[in-house]
Amino acid sequence: TGVQTCALPICGYAFTLALQQDGRVRAWGDNWSRNYPSGIGQCDVPPDLGVATEIAAGTLHSVALLADGSVRAWGSNDNAQCEGPPDSGGVVREKPANLGATSHIAAGDQTTVAVLADGGVAAWGANFYGECDAPRSTGRFSQVSAGTEYVMGVRADGSIEGWGRNDWGQVGGPSSQGVRGRPEPMPPCVKVSAGERHTLAIRNDGQDRKSTRLNSSHANISYA
């Protein structure tokens, strides 16, 4: 109760985040990550969070970009997707100690991604498929989206780059049996969205292009 008018809510795995007009973050739904060693659930918004300007939801963790450009995350930290050492073992990358000012955030399955003020990208959390190995010399990024074990980004010039898991062509590559490859040449885009095994992109002319796994349940899908 008492939730003010909010921007578009963000959905994680069975929980919801909402950013109020006054910058406060509200969360409700499944709070399972309270059962992890940290004892902090993905819906347990820190009381000292401060004013947020953007929010993102992973599978069992929540992320907020604050007005001062810093990033806070809470919930499951089993693969260091929040902050500090992981609660369990695994191939992980911890949050950089000196992250710097951030302009945009995204949350994947067990990964957190930040677009820095200079257009660079930093990522931390599970790194089983190189999803935290963000490119460092390919131009400024304006937007990123984190899927399941992979990340996609849009550069300032509208070009798209992805990294991480690519066994279904979700990052890019040619079509094959059961896989629709990324359209080439790919026109400049304004936004990209990463799913579990497929990617969507909005072109700067308003049309959308997508690459996705095909199976019997998708047999009647048509593509732009």
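Reply: A pocket here is an open set of points on a 1 Å grid over the protein atoms alone, with protein on both sides within 12 Å along at least five of seven lines. Its volume is the space filled by probe spheres set on the points, which are joined across faces, edges and corners. This is a predicted model: local features need pLDDT of at least 70, side-chain atom pairs count only at pLDDT 80 or more, and totals for chains, interfaces and linings use all residues. Residues are numbered from 1 along each chain as its sequence is written, and side-chain values use heavy atoms, without hydrogens and water.

Now the lining (residues with an atom within 4 Å of a point). In this pocket 20 residues form it, and L116, G120, V121, A122 and R136 are the closest to the centre. Strand β10, residues 121-126, gives the most, with 3 residues. Strands are DSSP runs (E, at least two residues), numbered from the N terminus. By class, the lining has 10 nonpolar, 6 polar and 4 charged residues. Nonpolar means Ala, Val, Leu, Ile, Met, Phe, Trp, Tyr, Cys and Pro; charged means Asp, Glu, Lys and Arg; the others, Gly among them, are polar.

The largest pocket holds about 680 Å³. Of its 34 lining residues, I10, A106, V144, S145 and S193 are the closest to its centre. Elements giving two or more residues to that lining include β1 (10-11) and β8 (102-107). Its lining has 18 nonpolar, 11 polar and 5 charged residues.

Terms used
On a 1 Å grid over the protein atoms alone, a cavity is a set of points where a 1.4 Å probe fits but cannot get out, and a pocket is an open set with protein on both sides within 12 Å along at least five of seven lines; lining residues have an atom within 4 Å of a point. Helices (H or I, at least four residues) and strands (E, at least two) are DSSP runs, numbered from the N terminus.
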